[in-house]
Amino acid sequence: RLAHIILSKRAFPSQILAVTFTNKAASEMRARVAQLLATDANTPRETSGLWLGTFHSIGAKILRRHAELLGFTPQFTILDDDDQHRLIKTLLVEQNIDHTKFPGRVVLAMIQSWKDRGLTPDKIPVQAGLYSAAEVAAKTYPLYQRRLQSLNCVDFGDLLLHNLTIFSQHPSVLQEYSNRFHYILVDEYQDTNVAQYLWLRLLAVAHKNICCVGDDDQTIYGWR
């Protein structure tokens, strides 16, 4: 489908967004498209203008272009799992919370689950008391986000969550990208989370031209 859209002159490569879940799949997809385009002598074989990658790589690309809107610089660092756990543990210590009773990994997992649902800290109710991991996570989430910003860092969940924030707070930016992408193609759609769904829906708002491919028998997150 991707190659057909280009070969039939329905859109330029730069007007197409194609997302999948792994870097390996994205590389293979790009190679296959280049091979298919090579069969037509009248079509450029170059696919560098094509927005093809993982959800997170495309999200990072957009975020680096507009990082200043959220108080970051384009050179922000993406934290790995170990750095995230260390930061959460530090924040728990600063709050005098027993991290043996409320392990940092559990708190971080809850925060990431909220990010996967497109929920920013202001959408998580913070209750008095610290009697459950959920209450600890709700109190820690805004502190975690502020600390990340002060360090000019993001985690993987932020790559799409910050995109959603930019799109909602700056409609002109959303309009720029939704107008750009005449076609949106999604691979492995069965594994998308809420944040990814919201991101796709916003980007498709102008042309409403989106094609999703999925397989219920490969719902890896459902198996977990």
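Helix α5, residues 104-116, and helix α6, residues 133-150: their axes come within 9 Å and cross at roughly 75°. That makes α5 roughly perpendicular to α6, a label for angles of 65 to 115 degrees. Axes here are lines fitted to C-alpha atoms over the stretch in contact, with angles from 0 to 180 degrees between N-to-C directions. Helices are DSSP runs of H or I, at least four residues, numbered from the N terminus.

A word on provenance. This is a predicted model, where local features need pLDDT of at least 70, side-chain atom pairs count only at pLDDT 80 or more, and totals for chains, interfaces and linings use all residues. Residues are numbered from 1 along each chain as its sequence is written, and side-chain values use heavy atoms, with hydrogens and water left out.

Back to α5 and α6. Who makes the contact, meaning heavy atoms within 4.5 Å? From α5, among others, V106, L108, I111 and W114; from α6, residues including A133, V136, Y141 and L148. The contact residues split into 14 nonpolar, three polar and one charged. Nonpolar covers Ala, Val, Leu, Ile, Met, Phe, Trp, Tyr, Cys and Pro; charged is Asp, Glu, Lys and Arg; the others, Gly among them, are polar.

Next pair. Helix α3, residues 55-65, and helix α9, residues 194-203, have axes that come within 12 Å and cross at roughly 55°. So α3 is oblique to α9; oblique is what remains after under 35 degrees (roughly parallel), over 145 (roughly antiparallel) and the perpendicular range. F55, H56, I58, G59 and I62 of α3 touch Q196, W199 and L200 of α9. That contact counts five nonpolar residues, three polar and no charged.

Now the rings. The whole structure holds seven aromatic pairs, counting Phe, Tyr and Trp (its six-membered ring) with centres within 6.5 Å. W51, F167, Y177 and F181 are linked into a cluster by ring pairs.

W51 also has a charge over its ring: the charged end of K61, 3.8 Å from the centre. R64 lies over the face of F76, 4.0 Å from the ring centre. The test is NZ of Lys or CZ of Arg within 6 Å of the centre and within 35 degrees of the ring normal.

Definitions and conventions: Phe/Tyr/Trp six-rings, centres within 6.5 Å; stacked < 30°, edge-to-face > 60°. Helix = DSSP H or I, 4+ residues; strand = E, 2+ residues; numbered from the N terminus. Contact = heavy atoms within 4.5 Å.
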